[in-house]
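The following exercises concern a predicted model. Please work through each task before reading its solution.

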Amino acid sequence: MIRMFGKRTEPLDRTELARLLPAPSTPAMPSGRQSQLEEHLLSEIRTPAPAPEAPARPVRRALLIGVPVTAAALTAALAVGTLTGGGTDAPPTAASPVEAPVVRIEEGSTVQLASTVQRIAAAASAQRIPEPKPGQYVYIKSKVSFLTSMFNGDTNESRTWVQPLHQREVWKSPDGREGWLDEPGYQPAGGITLDLDGGQEALPYLTYDWVRKQPADPDRLLAAIRATATDGGSHDRDQQTFEAIEEIINEQLVPAPTAAALYRAAAKIPGVSVVSHSQDAAGRTGLALARLDEQSGERTELIFDRKTFVYLGSRGVQVKPSGDVAPGTVVERTAVLERAVVDARKERPGRSGTGTA
């Protein structure tokens, strides 16, 4: 059995991975990544296994899609890492590694936190956000890159690499029960369904219907997200809550008053600071609301335009040593390129979509 994860998981062969990003010791997985894992895993369960790739081409998609996933396997996977969808792009070889960016670590500060969040909230309040109606879909287009590991349970071999920056498009119904994911190179050609079956339920905080019903009061909103997004386990609940906010603003529409409250709520989480210089996956620079996960040593940064204070994307930077992952290593990058409401899954704005944010 071969499993592929979007976070660091098992100890890896350092010799094999010397040209790539070495794997760290096994840190606790931030719960903010659990929903993405579940989304992909449930999709893979419903996706037929494609034919194996030609021997001359390193296999990735066939190995991943063909893995039978039981309920027990799903539970185990949720405990160790984030699954990345299979695709036609193979992991880089020793001859063609994709190196993770390494940046200078800038210390965060709380001196300007209150004034910065005030500007961010004001910018969010001024935005015009389209409202999806029943039968419509929230559309999010982004550019992303994650540190990914692949583990072969049969041979006990592992590989880790950094995904090249690539496009990701998501369509979600307001209730979260229907959707589509198109991620070329990381999903089968044309994309995969995100529809939920039977009694399955979407994570509430990742649905538009849940978000729009939340109070535009930072304290009450923070309490609601904390109660919904955390698993009650041994992980840092503050970090889980912060990463849940990251997920909401990365792939959901948020009504303007709620968005303003959401950023104010993020600033109330202990450990949040302002990082003056950050960069999203599209190369846009800005300042960030950031929080360090003391367990993994990774800092999650929510990046905003320095002049308009509009949200741009996110970045994950390894701040503290973790195994062989050097401080300053960028292990995650996202950039939100477009948000809109469209009338059907796989439909893109500019045809019959009702608006863009």
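**Exercise 1.** In which loop is the place of Glu-183? Determine also whether Glu-183 is buried or exposed, and identify its side-chain partner in a polar contact.

*Solution.* Step 1: Glu-183 is found in the loop between S5 and S6. Step 2: the relative accessible area of Glu-183 is 5%; because the cut-off for burial is under 20%, Glu-183 is classed as buried. Step 3: the side chain of Glu-183 is joined to that of His-166 by a polar contact of 2.8 Å.

**Exercise 2.** Locate Gly-185 and classify its accessibility.

*Solution.* Step 1: Gly-185 lies in the loop between strand S5 (179-182) and strand S6 (192-193). Step 2: Gly-185 has 10% relative accessibility and therefore counts as buried. Step 3: a C-alpha separation of 9.2 Å is found between Gly-185 and Gln-167, which are 18 residues apart along the chain.

**Exercise 3.** Describe the span, the covering and the N-terminal cap of helix H7.

*Solution.* Step 1: H7 (residues 237-250) has 14 residues and reaches 20 Å from first to last C-alpha, close to the expected 20 Å. Step 2: H7 is mostly covered, with 13 of its 14 residues buried. Step 3: the N-terminal end of H7 is capped by Asp-236, a side-chain oxygen of which lies 2.9 Å from the backbone nitrogen of Asp-238.

**Exercise 4.** Which residues touch the most other members of the largest nonpolar core?

*Solution.* Step 1: this core has 44 residues, and Ile-225, Ile-248, Tyr-263, Leu-289 and Phe-304 touch the most other members. Step 2: its largest share, 8 residues, comes from helix H8 (residues 256-267).

Key: Residues are numbered from 1 along each chain as its sequence is written. This is a predicted model: local features need pLDDT of at least 70, side-chain atom pairs count only at pLDDT 80 or more; totals for chains, interfaces and linings use all residues. Side-chain values use heavy atoms; hydrogens and water are left out. Helices (H or I, at least four residues) and strands (E, at least two) are DSSP runs, numbered from the N terminus. Buried means under 20% relative accessible area, exposed over 50%, partly exposed in between (1.4 Å probe, protein chains only). A polar contact is a pair of N or O atoms within 3.5 Å; within protein, one must be able to donate a hydrogen and the other to accept it, and residues adjacent in sequence count only if both atoms are side-chain atoms. The expected span of a helix is 1.5 Å times one less than its number of residues. A nonpolar core is a set of buried Ala, Val, Leu, Ile, Met, Phe, Trp, Tyr and Cys residues joined through side-chain atoms within 4.5 Å.
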